[in-house]
Amino acid sequence: MVKAYKLLIGSIGDDSHSVGMALLKIAFREAGFYVKHLGILNTLDDFFYKAEDFDAIFISCMNGHVDLYLEDFPRKLSTFQLGNSRPRVWYLGGNLSVQDDEETVIRRYLGMGFDYVAPKPVSWDVIYDRLMKDFHLKGIKKKGVPHADED
């Protein structure tokens, strides 16, 4: 059995942009992570239904309207954490807003409970470095997985 960090990634809402998430999946797998890629057109509930088994949850939205899909995030996160005390990392990224400046977007979603918010696309190195720091800060360790390169 291989030990790896377990990541859940996908796009939310009517966002059908899939290339960035597919590239993230490849990059994380190449770095030895176990990645479950939900694909596109997910609901917030899709992420919460599966989050229990993962160390990090990546929610992406490239259409600039993420606020339409995350209104219930704070409540759902609070409810989820009541039954799941193991620490997790919640990331939000993509092209999150067509109207608000980046600082406003970052403050809004950090305030909702996300650990990291990238209102515009960022490089793999930025994501990887931040993720490793967050895993260390929260004491998240690698877990046994059947194969690090399968969904």
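The protein chain has 5 helices and 7 strands, where helices (H or I, at least four residues) and strands (E, at least two) are DSSP runs numbered from the N terminus. This is a predicted model, in which local features need pLDDT of at least 70 and side-chain atom pairs count only at pLDDT 80 or more, while totals for chains, interfaces and linings use all residues. Residues are numbered from 1 along each chain as its sequence is written, and side-chain values use heavy atoms, with hydrogens and water left out.

Now for the overall build. Read along the sequence, the pattern of the protein chain is β-β-α-β-α-β-α-β-α-β-α-β. Taken along the principal axes, the C-alpha atoms fill a box of roughly 45 × 35 × 25 Å. The radius of gyration comes out at 14 Å, which agrees with the value near 15 Å that a compact globule of 151 residues would have; that radius is taken over C-alpha atoms, and the globule rule is 2.2 Å times the number of residues to the power 0.38. Of the 151 residues, 46% are buried. Here buried means under 20% relative accessible area, exposed means over 50%, and partly exposed is in between (1.4 Å probe, protein chains only). As for contacts (heavy atoms within 4.5 Å), take those in the protein chain with a separation of 6 or more: 80% of them come from residues 24 or more positions apart.

Next, a helix pair. Two packed helices are described by the angle between their axes and the distance between the axes. For helix H1 (residues 19-30) and helix H5 (residues 124-138), the axes come within 11 Å and cross at roughly 55 degrees. The axes are lines fitted to C-alpha atoms, for helices over the stretch in contact, with angles running from 0 to 180 degrees between N-to-C directions. H1 and H5 are therefore oblique to each other, given that angles under 35 degrees count as roughly parallel, over 145 as roughly antiparallel, 65 to 115 as roughly perpendicular and the rest as oblique. On the H1 side, the contact is made by Leu 24, Ala 27 and Phe 28, and on the H5 side by Trp 124, Ile 127 and Leu 131. Sorted by class, this contact of H1 with H5 has 6 nonpolar residues, no polar ones and no charged ones. In that sorting, Ala, Val, Leu, Ile, Met, Phe, Trp, Tyr, Cys and Pro count as nonpolar, Asp, Glu, Lys and Arg as charged, and the others, Gly among them, as polar.

Helix H5 also holds Asp 134, a residue that is buried at a relative accessible area of 7%. Leaving aside residues up to four places away in sequence, Asp 134 touches Val 89, Tyr 91 and Asp 115. Tyr 116 sits in strand E6 (residues 116-118) and counts as buried too, at 14% relative accessibility. With the sequence neighbours up to four places away again left out, Tyr 116 touches Trp 90, Tyr 91, Leu 92, Leu 110, Val 122, Val 126 and Arg 130. Between the C-alpha atoms of Tyr 116 and Asp 14, 102 residues apart along the chain, the separation is 22 Å.

Glu 71 lies in the one between strand E4 (56-61) and helix H3 (73-83) and is exposed, with a relative accessible area of 64%. C-alpha to C-alpha, Glu 71 is 9.1 Å from Met 112, at 41 residues apart in sequence. Leu 68 is also in the loop between E4 and H3, and at 60% relative accessibility Leu 68 counts as exposed. Leu 68 and Asp 100 are 32 residues apart in sequence, with 14 Å between their C-alpha atoms.

Gly 139 is placed in the loop between H5 and strand E7 (143-145) and, at 43% relative accessibility, counts as partly exposed. From Gly 139 to Arg 86 it is 53 residues in sequence and 9.7 Å in space, C-alpha to C-alpha. Finally, a word on backbone angles: most residues other than glycine have a negative phi. Leu 41 is not a glycine, yet has a positive phi of about 65 degrees; Leu 41 is found in the loop between strand E3 (34-37) and helix H2 (44-50).
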